Amino acid sequence: MKSVSIVIPPDKSISHRAVMLASISKGSTRIKNILMAEDIKRTIEAFRAMGVKISIYRHVTQVDVVVRGVGMVGLKKPAKPLYLGNSGTTMRILPGILAGQDFEVVLEGDESLSKRPMQRITVPLKKMGVKIEGHREENIERRAEEIKPPLKIRGGKLKAIKYNSKIASAQVKSCILLAGLFADGITHVTEPEKSRDHTERMLAMFGCKVRDEGLKVSLKGPVCLRSPGVIEIPGDISSAAFFIVAGCISPGAKIIIKNVGLNPTRIGILDILKKMGANVSLKFKVTPRLLSGQESLKLEPVGDIVVKSSRFKGIAISPKEVVRAIDEIPVIMVAACFAKGRTIIKGIQELRVKETDRVESMVTNLRKIGADIKVKGELIVINGGKLLTSASVSSFGDHRTAMSMMVAGLGAKGKVIVTDLDCINKSFPNFLDILNKLN
Ligand code: S3P
């Protein structure tokens with residue numbers, strides 16, 4: 001592989017939040033370098049259907065949008081149910097905003113999104129006084145009930161709550177914080193491990209004081225958000241992850257990945273791969289050191305990642321590390337297949353409720369190409385160093401499974417064919433173009 005410099009797509013999590021907060025703020029916001037992929041299109045369409053004017057400007061190297069905010073309670077009842085496609089982030093965060101609007105709305109998703117658990121947001125929202133219902137499904141094995149989309153939400157007057165979430169989830173935390181904007185008093189959310197904090201940082205940019213005490217975050221409502229004017233979205237570390245692993249496993253490679261978001265709550269992948277022996281270095285442009293006091297809440301650290309061909313060794317990955325690399329575990333599983341020795345990944349339960357069951361999809365696929373990989377309760381055990389060979393595998397309709405298996409194919413002897421690749425458009429429409437640039 002040759003030495004290349006690449007630009008990966010803008011951050012999906014930050015793009016969603018930028019559209020959402022800009023829509024309910026006072027003033028106009030130019031969102032520079034927004035991700036124009038399926039999930040963000042669903043968020044944009046949802047707000048357009050509720051009366052927000054959003055203009056799209058396509059430039060040669062990036063897309064910008066201008067959102068004309070309608071204010072905190074200025075959204076209009078949509079004419080029909082809002083269709084959110086495959087976007088779990090929209091389905092889980094948007095209800096926090098709808099909770100404060102004076103109308104009833106139904107949120108629908110595609111087949112995969114309609115299977116994803118929503119009780120994690122319906123329980124706290126109900127405690128805040130929201131009328132929210134979904135499709136009830138009984139899990140006879142676990143003697144438990146789950147709520148799945150479609151969700152019907154009737155917003156209104158909200159109570160501030162102190163919520164202790166059992167799951168480390170930025171989607172749950174964000175949903176409650178956004179509902180907290182409309183409630184009288186202080187809304188607190190505590191989580192077992194620190195999840196990504198983009199909502200907290202972006203709320204600060206829109207003039208809302210968020211108290212961040214690590215595992216506990218809080219804000220005092222009611223709040224009136226004000227547009228900061230311009231927001232610039234950095235590259236998505238979750239998309240960079242595929243090329244970090246690709247660079248490490250390719251002999252003689254050097255890849256420079258430009259302008260990637262390096263938020264401390266997102267860079268678990270770098271810490272994990274460095275422990276495995278990856279030759280990765282960072283060149284910060286907006287550095288964590290520059291961020292002090294109030295500013296620390298406002299900015300997202302950004303920089304270039306330089307990756308060189310490396311030799312991996314197997315390591316143990318803890319549940320805390322999994323939270324900081326939740327979307328990157330599939331490609332970390334690929335890295336572990338190329339490592340000398342055993343890798344153990346602990347705390348994998350949340351991977352089972354992503355776009356697909358990613359434990360199942362990755363274990364099935366990696367076994368098919370010859371990897372030694374087992375699941376033991378809440379552990380994944382990978383004995384690295386086995387020769388990976390050609391096979392046809394499926395994406396299972398999941399973008400991260402698809403791209404991880406394409407990376408596995410780079411290091412395999414023989415051709416790995418990944419079928420059902422359309423799902424890549426969810427987050428990384430030009431993935432194959434960049435991958436081809438490397439060969
Ligand atoms: C996201 C949070 C994560 C992640 C998802 C995007 C977000 O989900 O897996 O792709 O933008 O808040 P959880 O918060 O449910 O872990």
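## Ligand site

In this predicted model, the ligand is surrounded by Ser13, Arg17, Thr89, Arg92, Ser169, Ala170, Gln171, Arg196, Ile326, Asp327 and Lys354, a residue being counted if one of its heavy atoms lies within 4 Å. Helix H1 (12-23), helix H3 (88-98) and helix H5 (170-180) each supply at least two residues of this shell, helices being DSSP runs of H or I with at least four residues, numbered from the N terminus.

Oxygen atoms of the ligand make polar contacts (pairs of N or O atoms within 3.5 Å): an N or O atom in the side chain of Asp327 is 2.6 Å from one, a backbone N or O atom of Ala170 lies 2.8 Å from one, and an N or O atom in the side chain of Ser169 is 3.0 Å from one. The ligand taken alone exposes 380 Å², of which the protein buries 95%, with areas from the Shrake-Rupley method and a 1.4 Å probe.

## Nonpolar cores

The largest nonpolar core has 73 residues, among which Phe243, Ile257, Ile305, Met333 and Leu366 touch the most other members; such a core joins buried Ala, Val, Leu, Ile, Met, Phe, Trp, Tyr and Cys residues through side-chain atoms within 4.5 Å, where buried means under 20% relative accessible area (1.4 Å probe, protein chains only). Helix H7 (residues 237-249) gives the most to this core, with 10 residues. Because domain 1 (4-223) and domain 2 (237-437) both contribute residues, this core lies between them, the bounds coming from an automatic or database domain assignment.

A second, separate core of 69 residues includes Ile93, Leu151, Ala179 and Ala183.

## Basis of the values

Local features need pLDDT of at least 70 and side-chain atom pairs count only at pLDDT 80 or more, whereas totals for chains, interfaces and linings use all residues. Residues are numbered from 1 along each chain as its sequence is written, and side-chain values use heavy atoms, with hydrogens and water left out.

Technical notes:
Buried < 20%, exposed > 50% of the residue type's maximum accessible area, 1.4 Å probe, protein only. Polar contact = N/O pair within 3.5 Å; in protein donor to acceptor, adjacent residues only side chain to side chain.
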